[in-house]
Amino acid sequence: MNSETAEHCRAWFTRFVQQHAETDAGDQRNILLKEEHTRNVCGNARRIAAELGLDARAAGLAEVIALFHDVGRFPQFRRYRTFQDSRSVNHAVLGAKVLLEGHVLQDLPQRERSLVIRAVTLHNVFTLPPVLDSEVLLQAKVVRDADKLDIWRVFIELTGTDAADWPSAAGLGLPDGPEHSPGVLASLERREMVRLTSLRTLNDFKLLQLAWIYDLNFAPSLRMALERDVIGRLSRTVPRTRSVERAIGNHRQYVHERLNSTSA
Ligand SMILES: [Fe+2]
């Protein structure tokens with residue numbers, strides 16, 4: 001991965017986004033949302049790679065994977081008008097297909113090409129497969145952390161506005177009442193991730209996002225979440241019952257425990 005190849009990838013992405021521009025301003029907000037998200041995920045990946053001390057090749061790959069992780073979002077919106085995979089298609093698999101069929105990675109050596117495709121495909125799986133090539137594992141972990149850090153930003157910004165003003169494809173179709181599901185909170189208390197299929201309310205989704213803290217792979221990512229006050233800002237959007245308070249207290253403790261342990 002040299003700087004010329006990385007530049008070629010960035011130019012391809014810019015053209016690809018332009019090709020998916022929407023004429024209606026409301027529709028175009030969905031495209032801009034994903035374009036901005038991608039730029040932020042690239043920035044997050046750069047910082048994680050730098051703080052982990054990755055070499056230039058690995059850091060370059062991390063950035064290209066971040067750039068391409070959500071290319072599937074653009075044709076997904078064009079075809080289905082939603083970002084909900086459950087109502088359309090797995091956008092990570094679609095993205096890998098776009099990259100392969102468009103011969104976008106042809107300048108990369110074969111090993112790097114398959115590394116990018118594997119990491120893009122794995123960026124949204126619930127849990128990573130137990131056995132993975134070490135380079136694929138590292139790159140998948142970087143992009144998953146970088147992605148979560150920016151999905152938190154997007155979601156926190158959206159929850160500060162009226163749902164009727166959200167970009168049309170960003171909605172989750174979940175009722176925004178005062179309730180949360182006990183099973184979802186129980187997962188959070190067990191320090192486990194929450195499955196999308198168990199969500200019943202918007203508060204459940206907020207708890208799911210809090211539980212992502214338990215899936216962060218690297219200390220730099222945890223530090224970035226702390227710096228951005230992800231737990232504080234997300235938890236302020238959830239009705240604070242006693243059980244929610246307990247889960248959030250436990251949550252903060254987990255972050256500090258991990259950051260204080262050498263293996264974070
Ligand atoms: Fe994604």
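Biologist: Let's start with Gln 76: which helix is Gln 76 in?
Modeller: Bear in mind that we're looking at a predicted model. The side chain of Gln 76 makes a polar contact of 2.7 Å with the side chain of Arg 73. As for its place, Gln 76 belongs to helix α4.

Biologist: Is Gln 76 buried or exposed?
Modeller: Its contacts beyond four places in sequence include Phe 83, Val 89, His 91 and Leu 94. The relative accessible area of Gln 76 is 0%. The cut-off for burial is under 20%, so Gln 76 is buried.

Biologist: How far apart in space are Gln 76 and His 91, C-alpha to C-alpha?
Modeller: His 91 is on the contact list of Gln 76. Along the sequence they sit 15 residues apart. C-alpha to C-alpha, the distance in space is 6.6 Å.

Biologist: What covers the buried residues of α5?
Modeller: The buried residues of α5 include His 91, Leu 94, Val 98 and Leu 99. Before you look at the cover, note the start of α5, where a side-chain oxygen of Asn 90 comes within 2.9 Å of the backbone nitrogen of Ala 92. The cover includes α1 (3-19), α3, α4 and α6 (110-122).

Biologist: Which residue with a positive phi follows α5?
Modeller: Look at what comes after α5 in the chain. The phi there is positive, near 50°. The residue is His 103.

Biologist: Over in α7, which residue's backbone nitrogen does the side chain of Gln 139 reach?
Modeller: Gln 139 is in helix α7 (residues 134-159) and is buried, with a relative accessible area of 2%. Outside four places in sequence, Gln 139 touches Ala 58, Leu 61, Ala 62, Ile 65, Leu 115 and Ala 119. One of these also takes a side-chain to backbone reach of 3.4 Å, and that residue is Ala 62.

Biologist: On to the aromatics: are the planes of Trp 152 and Trp 212 stacked, tilted or edge-to-face?
Modeller: The whole structure has eight aromatic pairs. In this one, the ring centres are 6.3 Å apart and the planes are at 50°. Stacked needs under 30 degrees and edge-to-face over 60, so the pair is tilted.

Biologist: How many residues apart are Trp 152 and Trp 212?
Modeller: Trp 152 is in helix α7 and Trp 212 is in the loop between α9 (202-211) and α10 (219-227), so to speak distant parts of the chain. Trp 152 is buried at 0% relative accessible area, and Trp 212 counts as buried at 14%. The separation is 60 residues.

Biologist: What kind of pair do the rings of Tyr 214 and Tyr 254 make?
Modeller: Both Tyr 214 and Tyr 254 are buried. Their ring centres are 4.6 Å apart and their planes are at 80°. Over 60 degrees is the cut-off that matters here, so the pair is edge-to-face.

Biologist: Which charged residue sits over the ring of Phe 126?
Modeller: There's a charge over Trp 212 too, where the end of Lys 148 is 5.7 Å from the ring centre. For Phe 126, the charged end is 4.0 Å from the ring centre. That one belongs to Arg 195.

Terms used
Residues are numbered from 1 along each chain as its sequence is written. This is a predicted model: local features need pLDDT of at least 70, side-chain atom pairs count only at pLDDT 80 or more; totals for chains, interfaces and linings use all residues. Side-chain values use heavy atoms; hydrogens and water are left out. Helices (H or I, at least four residues) and strands (E, at least two) are DSSP runs, numbered from the N terminus. Buried means under 20% relative accessible area, exposed over 50%, partly exposed in between (1.4 Å probe, protein chains only). A polar contact is a pair of N or O atoms within 3.5 Å; within protein, one must be able to donate a hydrogen and the other to accept it, and residues adjacent in sequence count only if both atoms are side-chain atoms. Contact means heavy atoms within 4.5 Å. Rings of Phe, Tyr and Trp (its six-membered ring) pair if their centres lie within 6.5 Å; planes under 30 degrees apart count as stacked, over 60 as edge-to-face and the rest as tilted. A charge sits over a ring if NZ of Lys or CZ of Arg is within 6 Å of the ring centre and within 35 degrees of the ring normal.
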